[in-house]
Amino acid sequence: QFRLVESGGGLVQAGGSLRLSCGASTRAFSPFAMAWFRQGPGKEREFVAAITWQCGTTFYADSVKGRFNISIDNAENKVYLQVNSLKAEDAGVYFCAADRESSFDSALYKPTLYDVWGQGTQGNVSS
């Protein structure tokens with residue numbers, strides 16, 4: 001069964017950094033896009049960043065532009081999220097997701113496009 005597994009969460013001081021990673025359970029992995037979403041306490045799940053697998057085109061939520069960076073390692077079937085200049089509002093569970101069906105990158109912020117999700121990794125920010 002195909003799975004995604006996230007790691008790299010933890011407790012970081014405001015202004016600090018985290019590097020989240022997400023690995024696929026199969027070597028035969030070629031999605032159209034990968035993304036990170038997050039869900040803070042009492043909040044709905046929100047889009048953070050996405051990247052197309054073949055071209056590496058990236059997309060970011062306005063709230064994280066300039067601070068977060070999404071990248072992929074095609075050989076290792078992994079996607080990373082470098083999280084810098086952390087703010088209190090960045091705290092939450094970060095989920096990795098794979099879109100294996102789309103052909104266009106016009107709506108990669110929509111969670112409904114993603115058909116495989118990881119269990120999430122918790123990121124906390126201390127003041």
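Which side chain of opposite charge is nearest to Glu6, and how far away is it? Keep that in mind as you look through these close-ups of a predicted model.

**View 1. Glu6, a buried residue without a salt bridge.** Start in strand β1, which covers residues 4-7 and holds Glu6. Here comes the reply to the opening question: the nearest side chain of opposite charge belongs to Arg45, and it sits 7.7 Å away. A salt bridge needs a side-chain nitrogen of Lys or Arg within 4 Å of a carboxyl oxygen of Asp or Glu, and Glu6 has no such bridge even though it is buried.

**View 2. What the side chain of Glu6 reaches.** Follow the side chain of Glu6 and you get to the backbone nitrogen of Cys96, at 2.8 Å. Then look for Gln119: its backbone nitrogen lies 3.0 Å from a polar atom of the Glu6 side chain. Setting aside neighbours within four places in sequence, Glu6 is in contact with several other residues too, including Ser21, Cys22, Trp36, Tyr94 and Gly118.

**View 3. The disulfide between Cys22 and Cys96.** Cys96 turns up again here, this time paired with Cys22, and the two sulfur atoms are 2.0 Å apart. Search the whole structure and you find one disulfide. Cys22 sits in strand β3 (residues 18-24) and Cys96 in strand β9 (residues 92-99), so the bond ties together parts that are 74 residues apart in sequence. Both cysteines are buried. Is the disulfide left-handed or right-handed? The torsion about the S-S bond is about -75°, so this one is left-handed.

**View 4. Cys55, a cysteine too far away to bond.** For a disulfide, the sulfur atoms would have to be within 2.5 Å.

View 5. Strand β5, residues 46-52, is where you'll find Val48. Is Val48 buried or exposed? Its relative accessibility is 0%, so Val48 counts as buried. Leaving out neighbours within four places in sequence, Val48 is in contact with Trp36, Phe37, Arg38, Phe59, Tyr60, Ala61, Val64, Phe68, Leu81 and Tyr94.

Notes:
Residues are numbered from 1 along each chain as its sequence is written. This is a predicted model: local features need pLDDT of at least 70, side-chain atom pairs count only at pLDDT 80 or more; totals for chains, interfaces and linings use all residues. Side-chain values use heavy atoms; hydrogens and water are left out. Helices (H or I, at least four residues) and strands (E, at least two) are DSSP runs, numbered from the N terminus. Buried means under 20% relative accessible area, exposed over 50%, partly exposed in between (1.4 Å probe, protein chains only). Contact means heavy atoms within 4.5 Å. Lys and Arg count as positive and Asp and Glu as negative; His and the chain ends are not counted. A polar contact is a pair of N or O atoms within 3.5 Å; within protein, one must be able to donate a hydrogen and the other to accept it, and residues adjacent in sequence count only if both atoms are side-chain atoms.
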